[in-house]
Amino acid sequence: MIQFEKRSATLFLSFMVLATTSCVIAQVTKTETAANKSVAAQDAAAPAVAGKDAAGKSDSDDDADADLAAMDKSAAKPATKSADKSSAPKAEDDTQQKQIKQLRADAELRNEQLSAKLASLKAENDQLRLANEVAQQKQSQALQQLQAEKGKLEAELALLNAKDSTAAAPDKSKIESLQRAQKLRDAQLTDELSGLSAEQNRLKQNQDVNSAKLQAELAASKAELERAKVAEDMLDMKSRVKIANLKREQDQISAENGLAAEKRRAEQSKIADEQMRATAVAQTTTAQITNRDAEDKWRDAVNAPPTYTMEPFKDGVLTISDRKIEMDGPIVTGTADNVCDRIDYFNNQDRTKPIFVVINNSPGGSVMQGYRILKAIETSDAPVHVVVRSFAASMAATIATLAPHSYAYPNAIILHHQMSGSAVGNMTDMEQEVKTMQEWERRLAEPIAKKMGITLDEFKAKMYAAKKSGDWDEFADKALQLHWIDNIVNEIREEGIRKKPSENRMPSWMFMMKKDDKGSPYMSLPPLEPYDCYFMINPRNFYRVDGR
């Protein structure tokens, strides 16, 4: 009896496991069948929408045929032959062409937008379908777990049956506890399967709703595309009719214009003959004007070949050729480049003919720039002659005095004085700056004192004996006695001016003129190079260095 009861319990447990498994399998099969029916419904809806679109297009084609018939009747009227009246249809045709282009552009843009929207809806539908497949996979995994548990229970029941012969009473209580556990587990599995079924139904409903929305939007998009296409075809047909009418009018106008063109060609031939006669007269006049301009240029230029003399100074007359370099204004950065480059250029032309450096008015300037000019004069193969016409001071006076050949008008003024400058920094910096200035003075002033036949100290003493400020200035005839100038000239002949002066040339240093805060004019000088200093006359602070 006990053994029978054990077998009955074992059979009952097996039956419960099989019933639970069958419910799960039936629920999964029902879910898959519903999903397949939804997909089939979507596939069946597409031909219906296409048929509806085709019907809408047929109605639109009938309307388009009616409009074209009306246009053919209006096009049959005779076109106006006047060229002035044809301008209005042309303008209207251009407007319709623009409207057609605009409608085509709008239709293409709308088509692109609808295509993008359709692609988005298809992607969303694919996403929902993927989610449904994931849910189905989860249900399959749950079913597999249930089957595994069923197998485990069957194994336990088989084990209990094997032990049935040895322990009847204890096994019965254990079977009852297992039955209770099995019932509890069946209830839990039933709840889990109900939740899975509800989730699957919700996913299916969402998929059905989204699919319906997608189909509705797709149908609306297709209908709108068809309407746009019909409107575009209508406008295109109207445009072709208008163009045909305009072409007929244009052909008629072209025939009329051909007659007018023949008349114009006859008139143009007559005008061309008159223009040829006028052109011949104009060419004759132009040739006369050209000859007159050439004569004026010939008169405005020195047409004789230039002459160069190896002895430019004779009987108080100095002859200056076109190998001339002017050095006016303050000697600043770049002045040495201007003078030295020209000395090199004239030497490369001819290393025997004299070169002339002419100083009209110079207050002096940078010792570095001036020293470069002195060395260029000293090392030049062609003899360099320095000429002072009005005023040469400081560095300019040093260049004139130390040049191998120097000249000046009797009333020109030459001025020598001590070098001046400024020092900025601590005591050591200022001491070094003073030492640099003293060395420059020794290198530039000692040769002048030696040419005068005195020492440097005697030269400085004579400066302050002549004037308390130390600015020793003399007219050129007195400077000749002091050996500051080699020759006094009474006449300077400029043979280098080969063309008629036609411009009021402004000295380059005039572009350096500025005004201070008080409105006083001054000349702005560039900052000096390291170890350089300005050696120039500046009693009224007219020359000022930028940055000070």
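View 1. Asp315 is exposed, as its relative accessible area of 74% lies over the 50% cut-off. This close-up, like the others here, is taken from a predicted model. The residue sits in the loop that runs between strand 1 (313-314) and strand 2 (317-320). If you check the backbone torsions, you will find a positive phi of about 55° at Asp315, although this residue is not a glycine.

**View 2. His483, another non-glycine residue with a positive phi.** Here phi is about 65°, again positive, and His483 is not a glycine. Look for His483 in the loop between helix 9 (476-481) and strand 10 (487-488). With a relative accessible area of 41%, His483 is partly exposed.

**View 3. Tyr345 and Phe346, a tilted ring pair.** The count of aromatic pairs in the model comes to six. In the pair formed by Tyr345 and Phe346, the ring centres are 5.4 Å apart and the planes meet at 55°, so the pair is tilted. How exposed is Tyr345? Tyr345 is partly exposed, with a relative accessible area of 45%.

**View 4. Phe459 and Trp472, a tilted pair between a helix and a strand.** The rings of Phe459 and Trp472 have centres 6.3 Å apart and planes at 50°, so this pair is tilted. Phe459 belongs to helix 8 (residues 456-466) and Trp472 to strand 9 (residues 472-475), so the pair ties together parts that are 13 residues apart in sequence. Are these two residues buried or exposed? Both Phe459 and Trp472 are buried.

**View 5. Glu156 and Leu178, with their C-alpha separation.** Glu156 lies in helix 2, which covers residues 87-162. Its relative accessible area is 33%, so Glu156 is partly exposed. How far apart in space are Glu156 and Leu178, C-alpha to C-alpha? The distance is 9.7 Å, for two residues that are 22 residues apart in sequence.

Technical notes: Residues numbered from 1 in each chain as written. Predicted model: local features only at pLDDT ≥ 70, side-chain atom pairs only at ≥ 80, totals over all residues. Heavy atoms only, no water. Helix = DSSP H or I, 4+ residues; strand = E, 2+ residues; numbered from the N terminus. Buried < 20%, exposed > 50% of the residue type's maximum accessible area, 1.4 Å probe, protein only. Phe/Tyr/Trp six-rings, centres within 6.5 Å; stacked < 30°, edge-to-face > 60°.
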